[in-house]
Amino acid sequence: MAHELPASENAGDDSATIESPSRVSAESSELQKLKVERDTLIDRLARLQAEFENARKRTAREQQDFREYAVADAVKALLPILDSFERALQTASTEKSEFRSGVDLIYKQLQDALQKLGLRVIPAKGEPFDPHLHEAIEMVDTTDAADHQILEELQRGYKLKDRLLRPSMVKVARNPKH
């Protein structure tokens, strides 16, 4: 008998276990209100978690874009220098000297460094005119080329990764026969 539980204090009083109907109704109503409040709070929590996750993803994407294109202004400032190098190398092409070789080497180093940063030349001469990549400076009437074909590139255009940095300035063919 050592394992028996002691008798409860209310063992003879059955009225404590039977609750009045009005008390049951009040507790049921309170329980329903608490369930509705709980469901509302759970829904609100789920929405806030989703909103936070979206904000976190958006911030990460913006930071990645900033890192990828932070160099754009610096590269854009170097484009006139690149143009000057190209003009200098075109005019002095008749003479092969050590000075010219040095300038040519510096030009190639600059090009390589800019390519590593994501700078790409926009192809122009012989290509069809694309207003998203090319800026038409002149339309030339000719029968030697197809209509809207680029005849000459006046200034090189560049893209930094997928973003247009500077459009190519070009002369475009206008062929009335095509």
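Residues are numbered from 1 along each chain as its sequence is written. Because the model is predicted, local features need pLDDT of at least 70 and side-chain atom pairs count only at pLDDT 80 or more, while totals for chains, interfaces and linings use all residues; side-chain values use heavy atoms, with hydrogens and water left out.

The protein contains 3 helices and 6 strands. Helices (H or I, at least four residues) and strands (E, at least two) are DSSP runs, numbered from the N terminus. The order of elements from the N terminus is α-α-α-β-β-β-β-β-β. The protein has 178 residues, of which 18% count as buried. Here, buried means under 20% relative accessible area, exposed means over 50%, and partly exposed lies in between (1.4 Å probe, protein chains only). The accessible surface of the protein is about 13,800 Å². Carbon and sulfur atoms account for 54% of that surface. Accessible areas come from the Shrake-Rupley method with a 1.4 Å probe; for residues, only the protein chains shown count as cover. Contact is defined as heavy atoms within 4.5 Å. Among contacts between residues at least 6 apart in sequence, 64% join residues at least 24 apart.

Two packed helices are described by the angle between their axes and the distance between the axes. Helix α2 spans residues 72-91 and helix α3 spans residues 98-116. They pack at an angle of about 150°, with axes 11 Å apart. The angle therefore makes α2 roughly antiparallel to α3. Axes are lines fitted to C-alpha atoms, for helices over the stretch in contact, and angles run from 0 to 180 degrees between N-to-C directions. Angles under 35 degrees count as roughly parallel, over 145 as roughly antiparallel, 65 to 115 as roughly perpendicular and the rest as oblique. The crossing of α2 past α3 is left-handed. A crossing is left-handed if the near helix is turned anticlockwise from the far one by less than a right angle, and right-handed if clockwise.

On the α2 side, the contact involves Val75, Leu78, Ile81, Leu82, Phe85, Glu86 and Leu89. On the α3 side, Arg100, Val103, Asp104, Ile106, Tyr107, Leu110, Gln111 and Leu114 take part. By class, the contact of α2 with α3 has 11 nonpolar, 1 polar and 3 charged residues. Ala, Val, Leu, Ile, Met, Phe, Trp, Tyr, Cys and Pro count as nonpolar, Asp, Glu, Lys and Arg as charged, and the others, Gly among them, as polar.

Leucine 82 is placed in helix α2. Its relative accessibility is 2%, so leucine 82 counts as buried. Beyond its neighbours within four places in sequence, leucine 82 contacts Tyr107, Leu110, Gln111, Leu114, Leu119 and Tyr158. Valine 103 lies in helix α3. Valine 103 is also buried, at a relative accessible area of 17%. Residues up to four places away in sequence aside, valine 103 touches Phe85 and Leu89. Its C-alpha atom is 8.9 Å from that of alanine 88, 15 residues apart along the chain.

Leucine 117 lies in the loop between α3 and β1. With a relative accessible area of 38%, leucine 117 is partly exposed. Leucine 117 touches Val71, Val75, Leu160 and Lys161, not counting residues up to four places away in sequence. Leucine 117 and alanine 72 are 45 residues apart along the chain, and their C-alpha atoms are separated by 9.3 Å.

Isoleucine 122 belongs to strand β1, residues 119-122. Isoleucine 122 is buried, with a relative accessible area of 3%. Residues up to four places away in sequence aside, isoleucine 122 touches Leu133, His134, Glu153, Gly157, Tyr158, Lys159, Leu164, Arg166 and Ser168. Isoleucine 122 and histidine 134 are 12 residues apart in sequence and 8.5 Å apart, C-alpha to C-alpha.

Most residues other than glycine have a negative phi. Histidine 148 has a positive phi of about 65° although it is not a glycine. Histidine 148 sits in the loop between β2 (134-141) and β3 (150-155). Its relative accessible area is 41%, so histidine 148 is partly exposed. Lysine 161, also not a glycine, has a positive phi of about 60°. The loop between β4 (157-160) and β5 (163-166) holds lysine 161. Lysine 161 counts as partly exposed, at 36% relative accessibility.
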